[in-house]
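Reader: I would like to see how the labels on this model follow from the numbers. Could you take me through them?

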Amino acid sequence: MGTGVGAGRSGAGLEDHGWGATRAWVEKGLPDAERVEGVERLRGGWTSEMRRLDVSGPGGQRSLVLRSFVKPFFVRHAEGLLTREAAVLRLLGGTDVSAAELVAVDATARWCDHPSLLMSLLPGSVRLDDEGADRRAELLARQLLAIHRVPVAAEERPRAYQAWTSPERVNLPESTARPEVWQRAVDVIRREPPEYRACFLHRDFHPGNVLFTREGDALRISGVVDWVETSWGPADLDVAHCSTALALLHGVPAGMRFADLYVAAGGTLAEDRAAHLYWRLLDALAFAPDAEKVAGPWREVGRVDLTPELLAGRLEAYVEALLARYA
């Protein structure tokens, strides 16, 4: 579960120790006479380090984004992750989904200090505040449906989805007063995965990976980022992931409402309630016990109210609400 880049920035250049080869690789790939004039590290990422590169040349100024994997776990998996993201960005270039344009990729760190991908900078910013969350959720539902409708030839399909937890791997909260709720939830995902009609999935679609511009009635989604987990699988799973994030960010009702917004936008989910519940809980249980994997980046971009205690309580209440509605 990765997280996207937030609005906050802190200074960190490619002149930092260990980044010289990466800068040389970037500048070698730029058109003649273009040079990197400024570098700012973007906050809010969890799986990778993100930097905005300000480039100047005879044609003026522009900005690019550099994604680099530096954590050992992600470095080991970087070739698959970055190769997949590069392929997806090429694919999306001919669709209505707003995504960055691929500039270059070095998935194995052959030339860079770390496995890296260079892409265009999209306009807009991440919006995670409670104010305006309902309107943003409607736009998120429509955008997710557009992603699911991207036509993909059989030979271009991404890998089949991978589950991010299992009954044996769920990290249950130690201090819960409702252990029976968690046990019921874990029992739901003990079954074999339900049959589904597969489509193109973002696989990590949530408010932290979506950029917005404008305000009020003019609010628009300007781009979707972080395509390293793109997969082929059930629409219910993408809806589940965004629903969990909304429940954690804005409260249980927001998480419960998102699937209805997706259907209202024209999306199709599993008709069988038990099947839909399976996908919802398969996602939610991967956040247990306190959603700290996403909480850190969310707090970094301004949601300092999202304490482990608050998120643990919201996650438990959300799991209970799912069981009450769909079980």
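This is a predicted model: local features need pLDDT of at least 70, side-chain atom pairs count only at pLDDT 80 or more; totals for chains, interfaces and linings use all residues.

Reader: What makes a space a cavity, and how is its volume defined?

Author: On a 1 Å grid over the protein atoms alone, a cavity is a set of points where a 1.4 Å probe fits but cannot get out; lining residues have an atom within 4 Å of a point. Grid points are joined across faces, edges and corners, and the volume is the space filled by probe spheres set on the points. The whole structure has 2 cavities of 30 Å³ or more.

Reader: Which residues line the second largest cavity?

Author: Its lining consists of A133, D134, A137, L246, H250, A254 and R257. By type, they divide into 4 nonpolar, 1 polar and 2 charged; here Ala, Val, Leu, Ile, Met, Phe, Trp, Tyr, Cys and Pro count as nonpolar, Asp, Glu, Lys and Arg as charged, and the others, Gly among them, as polar. Helix 3 (133-148) gives the largest share, 3 residues. Helices (H or I, at least four residues) and strands (E, at least two) are DSSP runs, numbered from the N terminus.

Reader: Why is the pair D226 and R67 called a salt bridge?

Author: A salt bridge needs a side-chain nitrogen of Lys or Arg within 4 Å of a carboxyl oxygen of Asp or Glu. The closest N and O atoms of D226 and R67 are 3.1 Å apart, so the pair qualifies. D226 lies in the loop between strand 9 (220-224) and strand 10 (231-234) and R67 in strand 4 (residues 60-68), so the pair ties together parts that are 159 residues apart in sequence.

Reader: What about E27 and R23?

Author: E27 and R23 form a salt bridge with their closest N and O atoms 3.6 Å apart. Both lie in helix 1 (residues 20-29), 4 residues apart, about one turn of the helix. R23 has a relative accessible area of 18%, so R23 is buried.

Definitions and conventions. Residues are numbered from 1 along each chain as its sequence is written. Side-chain values use heavy atoms; hydrogens and water are left out. On a 1 Å grid over the protein atoms alone, a cavity is a set of points where a 1.4 Å probe fits but cannot get out, and a pocket is an open set with protein on both sides within 12 Å along at least five of seven lines; lining residues have an atom within 4 Å of a point. Buried means under 20% relative accessible area, exposed over 50%, partly exposed in between (1.4 Å probe, protein chains only).
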